[in-house]
Amino acid sequence: MNDTDLIARCTTILPGHRARTPAEMFGAMAAWCEANGVAHDVYGDGALIQEFERRVAERLGMEAAVFCISGTLAQVTTLRLAADSRGGRPVALHPTAHIFVHERSNYQMLDHFRALRVGDPFRPWTAADIANVPDRLAAVALEIPMREIGGQLSSWDELEAIKAHCRANGIHLHMDGARLWEAAASYGRTVAEIAAGFDTVYTSLYKGIGGLGGAMLGGSRAFVTEAAEWFRRQGGNVIHRTPYVVAAAMQFEARLAAMPAYFERTRFLYDVLRDHPELRVNPARPQANMLHVHLPVGRERALAIRQELARDHGIWPFNRVNHGALSDTSYFELYVGDNLLDTPDGRVREAVALLARALARAS
């Protein structure tokens with residue numbers, strides 16, 4: 001059976017939120033639209049989208065926010081504008097930045113800006129990482145939390161020091177906040193407190209929120225207005241944003257309210273995982289509701305074990321698995337959402353134990 005058939009048969013799915021079929025999702029959206037008298041926007045002009053932009057801006061503590069069809073478009077546009085306004089000086093990015101890892105050199109190929117890789121690829125940034133760059137920087141883009149290293153965060157003191165350095169040196173400080181909502185519980189701060197001192201913040205409408213897609217960019221009203229114009233110039237001016245906005249808006253408050261529970265469940269999962277030496281977890285303690293779990297087998301064997309657990313036990317332990325840095329190792333990301341929240345403690349322990357035993361036999 002293929003993966004889609006296997007996961008459909010599973011009664012225990014550990015990663016993420018429960019996947020809704022298109023019929024379920026569209027049905028829920030239609031009911032919400034009917035209950036709330038929703039009308040389509042036209043090229044971003046409409047009561048629903050403008051009210052949702054205002055709500056997101058308020059949450060971020062920003063003057064304004066604007067919808068963008070994708071985070072990729074939102075981020076490179078933001079950093080291009082920041083660099084252009086500062087004479088084309090370079091932009092500092094962490095080696096694991098989404099722009100480097102997932103965006104196929106778009107910033108280079110489309111002549112958006114020049115980028116510098118700054119810091120250690122296995123650690124969050126410190127203020128010294130930024131301060132020690134000899135070049136005059138146009139912008140610094142900081143991901144919160146840092147997905148590619150297991151959801152790690154710069155410490156609060158380091159984050160405040162980075163903000164202070166950028167402010168003192170006229171550097172545009174941008175946040176890749178695709179999963180910003182997930183960081184608040186770990187920091188013990190509001191989203192607005194985390195975002196304070198950033199010039200711009202991008203956040204996703206589909207990752208933790210569970211929408212269909214799309215993003216929001218928050219910042220000053222003047223910057224957001226200029227960015228919106230550039231989104232149009234680059235093909236982002238879709239006639240109706242309504243499906244994306246409805247899918248996010250109808251569950252926005254509930255998802256944010258659940259974030260502390262997701263984080264507590266991540267702590268529980270961490271305690272379960274550390275009882276099994278076959279499973280190595282990064283980071284050392286959870287810093288968001290996500291973890292990377294490193295395995296003592298190669299990627300193909302890990303996929304075979306996943307298939308066995310799904311077929312024989314109705315357990316889906318992880319989604320994508322990646323090659324590890326060492327030979328015959330691999331790792332997967334586990335985002336903690338509704339699925340794990342709704343799974344009984346005993347079943348979680350059983351699922352992890354079955355995974356660990358399969359790895360012990362294979363390694």
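Predicted model: local features only at pLDDT ≥ 70, side-chain atom pairs only at ≥ 80, totals over all residues.
Four strands make it up, in the order 9-10-13-12. The sheet is open, and the pairing is antiparallel. Which strands sit at the edges? Strand 9, residues 280-282, and strand 12, residues 321-323. Each of those two pairs on one side only. On average, neighbouring strands here are turned by 30 degrees against each other, direction ignored.

Now go across the sheet, pair by pair. Strand 9 is joined to strand 10, residues 290-295, by 3 bridges. Find N282: its bridge partner in strand 10 is H292. Last, strand 12 and strand 13 are joined by 3 bridges. In that pair, V321 has F332 of strand 13 as its bridge partner.

Strand 12 and strand 13 also form a hairpin. How many residues lie between them? There are 6. Look at D328 in that turn: its phi is positive, about 55 degrees.

Helix 13, residues 252-273, touches strand 9, strand 10 and strand 13. The direction of helix 13 makes about 20 degrees with that of strand 10.

Let's stay with strand 13 for a moment. Is strand 13 mostly covered or mostly open? Mostly covered: 6 of its 6 residues are buried. In a regular strand, side chains alternate between the two faces of the sheet. So take the faces of strand 13 in turn. On one side you have S330, F332 and L334. On the other you have Y331, E333 and Y335. Both faces are covered.

You will find V321 in strand 12. Is V321 buried or exposed? The cut-off for buried is under 20% relative accessible area. V321 has 2%, so V321 counts as buried. What does V321 touch, leaving aside neighbours within four places in sequence? Its contacts are R299, A302, L303, S330, Y331 and F332. One distance to check on screen: the C-alpha atoms of V321 and G298 are separated by 9.5 Å. Along the chain, those two are 23 residues apart.

On to the cores. In soluble globular proteins, nonpolar side chains tend to be buried together. The largest nonpolar core in this model has 54 residues. Which of them touch the most other members? F52, V140, I144, I194 and F198. Pick out F198. Leaving aside its neighbours within four places in sequence, its contacts include M62, L142, I144 and L159. K163, L173, H174 and M175 are also among them. There is a second, separate core of 30 residues. That second core includes F268, L334, V348 and L355.

A quick stop at helix 9, residues 180-187. Of its 8 residues, 6 are buried. Those are L180, W181, E182, A183, A184 and Y187. Just after helix 9 comes G188, with a positive phi of about 70 degrees.

Next, the largest pocket. Its volume is about 1,100 Å³. How many residues line the largest pocket? The lining has 31 residues, and the closest to the centre are P15, G16, H17, A19 and N319. Helix 1, residues 3-9, strand 13 and helix 15, residues 338-341, each give two or more residues to that lining. Which element gives the most? Helix 1, with 4 residues.

Finally, the cavities. The structure holds 3 of them at 30 Å³ or more. The largest cavity has a volume of about 100 Å³. Its lining has 14 residues. Nearest its centre lie L93, A97, H98, A141 and D176. Which elements give two or more residues to this lining? Helix 4 (71-84), helix 5 (98-102), strand 5 (139-143) and strand 6 (172-176). Strand 5 has the largest share, with 3 residues.

Notes
Residues numbered from 1 in each chain as written. Heavy atoms only, no water. Pairing = 2+ DSSP bridges. Axes fitted to C-alpha atoms, helices over the stretch in contact; angles between N-to-C directions. Contact = heavy atoms within 4.5 Å. Core = buried A, V, L, I, M, F, W, Y, C linked by side-chain atoms within 4.5 Å. Buried < 20%, exposed > 50% of the residue type's maximum accessible area, 1.4 Å probe, protein only. 1 Å grid on protein atoms, 1.4 Å probe; cavity = no way out; pocket = protein on both sides within 12 Å on 5 of 7 lines; lining within 4 Å. Points joined across faces, edges and corners; volume = space filled by probe spheres on them.
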